[in-house]
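Have a look at it first, then read on.

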Amino acid sequence: MSRILITGAQGQVGAELQRSLASLGDVIAAGRDRVDLSQPEQLRATLRELQPNLIVNAAAYTAVDKAETDVSVANVVNGTAPTILAEEACALGASLIHISTDYVFDGQKNTPYLEDDQPNPTGSYAKSKWLGEVGIQQVFKHAQADSLPPFFIMRTAWVYGTQGPGNFVKTMLRLGAEREELRVVADQVGSPTWAKDLADAIAVFSSRCLPGSTEIAPGSGIYHYTNSGVTSWYDFAIAIFEEARSLGVPMKVQRVLPITTAEYPTPAKRPAYSVLSGKKVAMVLGEHAPHWRQSLRQMLTEFYAHNL
């Protein structure tokens, strides 16, 4: 039976990966207590002990604003650690799936970003994630092996889910139950992505690169996966409240006011345009990702089935 290691297993994507990968092999769901990406030598030792056939890296330093002053730790977790995962994967003959981010782009484009568009990260978090991408690609490019298993860098954006810590959807639900008026940024656009859909897509890639698979593995490299459709944070918030109310969830909020990024300054600059093209990944999956509004409705239905 194949051995699959999930890092960041307690996060919103990691929790869904435990479900989506469960039927593919012996899943080792590791939280920070077992696989700490901020401790490089401990990370190497753990990987050599576990000897997985597939590593799915869902762990990351995700405190975007805090990274502006916590640069060294962000660089280790998001840059150095993924590079080590790639080195150890090559040594073990294991495949690697690494989750990255739309933040590697500066958000100045006005058409969906393609996998081969040139990144231009503008903040410390963004730069640290780009370091990880570069490190992984360089390791596999220069690996001394006759036959290497595939690696995939899966960029995503605006992730939310029922599991793990807080996210935009959970924050809006909490604030919408507490306040009559909210102000939400309206000049940043992207594609909200349900962690469950992302985990299911990763499971397809995983199933095709494990030992014994009868299907041809996708080509190594970068893929973009988000839910289909485009919206702003403001319109996303409106949709969250509409869908929650349709499920009978009481909401106190009466007014949601659109504001500009300039009216809500943050230490780290956010991309104004975070739309990622899903054409390449759809060729592997055989279909386009579900529309974000459809997935939001499903997520809220699941969430309130357990929380009402």
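How many residues does helix α4 have, and how far does α4 reach from its first C-alpha to its last? Helix α4 (residues 124–142) has 19 residues and reaches 27 Å, close to the 27 Å expected at 1.5 Å a residue. That expected span is 1.5 Å times one less than the number of residues.

A bit of housekeeping: this is a predicted model, where local features need pLDDT of at least 70, side-chain atom pairs count only at pLDDT 80 or more, and totals for chains, interfaces and linings use all residues. Residues are numbered from 1 along each chain as its sequence is written, and side-chain values use heavy atoms, leaving out hydrogens and water.

**The whole chain**
- The protein chain has 9 helices and 12 strands; these are DSSP runs numbered from the N terminus (helices: H or I, at least four residues; strands: E, at least two).
- With 308 residues, a compact globule would have a radius of gyration near 19 Å, and the chain agrees, at 19 Å. The radius is taken over C-alpha atoms, and the globule rule is 2.2 Å times the number of residues to the power 0.38.
- Along the principal axes, the C-alpha atoms fill a box of roughly 60 × 40 × 35 Å.
- Buried residues make up 53% of the 308; buried means under 20% relative accessible area, with exposed over 50% and partly exposed in between (1.4 Å probe, protein chains only).
- Of the contacts with a separation of 6 or more, 80% join residues 24 or more positions apart; a contact means heavy atoms within 4.5 Å.

**Helix α4**
- Its buried residues include Tyr125, Lys129, Glu133, Ile136 and Phe140.
- Among the elements covering the buried residues of α4 are α3 (71–92), β4 (95–101), β5 (151–156) and β10 (221–224).

**Helix α7**
- Trp233, Tyr234, Phe236, Ile240 and Phe241 are among the buried residues of α7.
- The cover over the buried residues of α7 includes α5 (168–178), β7 (181–185) and α9 (292–307).
- Just after α7 comes Gly248, with a positive phi of about 85°.

**Ser206**
- Ser206 sits in helix α6 (residues 195–209).
- Ser206 counts as buried because its relative accessibility is 0%.
- Leaving aside residues up to four places away in sequence, Ser206 touches Leu21, Leu24, Leu54, Val56 and Ile97.
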